[in-house]
Amino acid sequence: YKRQTLIDADAIREVIAELKGKVMYKDFEDQMEESQKNIQLSQKIVKSLYYNMQKDLRKDNIGIIIDDTDLSIEECSKKYGNKNNIIYCLGTSEISPEEMEKRIIEHDTEDDWSMYIPRIMRSMLCENIIRDSKKNKIKCEKFNNIKYIETSQNREEVLNQVVKDLEYII
């Protein structure tokens with residue numbers, strides 16, 4: 001494909017939450033349960049969009065990029081792992097939480113969500129991302145249709161290389 005279109009699951013989740021409005025939760029467990037429902041709903045929407053768009057887009061030689069931070073390796077392989085799709089898992093497993101947090105702070109702008117969260121939350125998030133990346137790296141080795149890409153050293157350079165690889169493959 002020479003052109004691509006994006007389905008952004010995170011943006012869909014934001015719209016779902018906005019449509020539901022502010023909700024008062026009894027406790028953290030209720031909030032997490034509601035968040036899981038939003039994730040599941042957004043993934044159903046993404047899958048439906050993908051299957052409804054793919055036939056028409058292929059005719060015009062347009063690929064689909066799905067950006068979903070909550071889709072597991074297993075789910076991704078099951079839902080999208082076929083010969084027509086190229087799947088990448090981007091991860092940051094080769095960096096310390098402290099270095100990751102330092103880079104986030106260095107590149108924060110007013111448009112970034114990370115600028116507005118407390119330091120302790122950002123620190124915990126970095127630890128979780130690195131932990132999940134390490135797990136995903138191992139899982140990707142089990143699936144021959146998902147390629148793990150390490151982005152912790154130079155994310156922009158790595159993403160540019162992915163685009164070049166895709167242009168070559170396609």
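How many of the five residues of strand E4 (residues 146-150) are buried? Four of them are, so "buried" needs a cut-off: under 20% relative accessible area, with exposed meaning over 50% and partly exposed in between, using a 1.4 Å probe and protein chains only. Strand E4 is thus mostly covered.

This is a predicted model, in which local features need pLDDT of at least 70, side-chain atom pairs count only at pLDDT 80 or more, and totals for chains, interfaces and linings use all residues. Residues are numbered from 1 along each chain as its sequence is written, and side-chain values use heavy atoms, leaving out hydrogens and water.

Start with the whole chain. The protein chain has six helices and four strands. These elements are DSSP runs numbered from the N terminus: helices are H or I with at least four residues, strands are E with at least two. Read from the N terminus, the order is β-α-α-β-α-β-α-α-β-α. The C-alpha atoms fill a box of roughly 45 × 35 × 35 Å along the principal axes. Of the 170 residues, 28% are buried. Now take contacts, meaning heavy atoms within 4.5 Å. Among those between residues at least 6 apart in sequence, 75% join residues at least 24 apart.

Return to E4. Its partner is strand E3 (residues 87-91), and the two pair in the parallel sense over five bridges. Strands count as paired if DSSP finds at least two bridges between them. At residue 146, Ile146 is in contact with Ile73, Cys76, Ser77, Ile87, Cys89 and Cys140, leaving aside its neighbours within four places in sequence.

Ile146 also belongs to the largest nonpolar core, which has 15 residues. Such a core is a set of buried Ala, Val, Leu, Ile, Met, Phe, Trp, Tyr and Cys residues joined through side-chain atoms within 4.5 Å. Val46, Cys76, Tyr80, Cys89, Cys140 and Ile146 touch the most other members. Helix H1 (9-20), helix H2 (28-59), helix H3 (73-80), E3 and E4 each give two or more residues to this core. In soluble globular proteins, nonpolar side chains tend to be buried together.

Next come the aromatic rings. Rings of Phe, Tyr and Trp (its six-membered ring) pair if their centres lie within 6.5 Å; planes under 30 degrees apart are stacked, over 60 edge-to-face, and the rest tilted. By this rule there are two aromatic pairs. Tyr50 and Tyr51 are edge-to-face, 4.9 Å centre to centre, with 75 degrees between the planes. Tyr50 is buried, at 3% relative accessibility. Tyr51 is partly exposed, at 34%. Tyr50 and Tyr80 are also edge-to-face, at 5.0 Å and 85 degrees. This pair links distant parts of the chain, with Tyr50 in helix H2 and Tyr80 in helix H3, 30 residues apart. Tyr80 is buried, at 6%. Tyr50, Tyr51 and Tyr80 form one aromatic cluster.

Finish with H1. Which residues of H1 are buried? They are Ala9, Ile12, Arg13 and Ile16. These cover an arc of only 100 degrees around the axis, so they lie on the same side of H1. The arc is that of the directions from the helix axis to the C-beta atoms. On the other side, Glu14 and Glu18 are exposed. After H1 comes Gly21, with a positive phi near 80 degrees.
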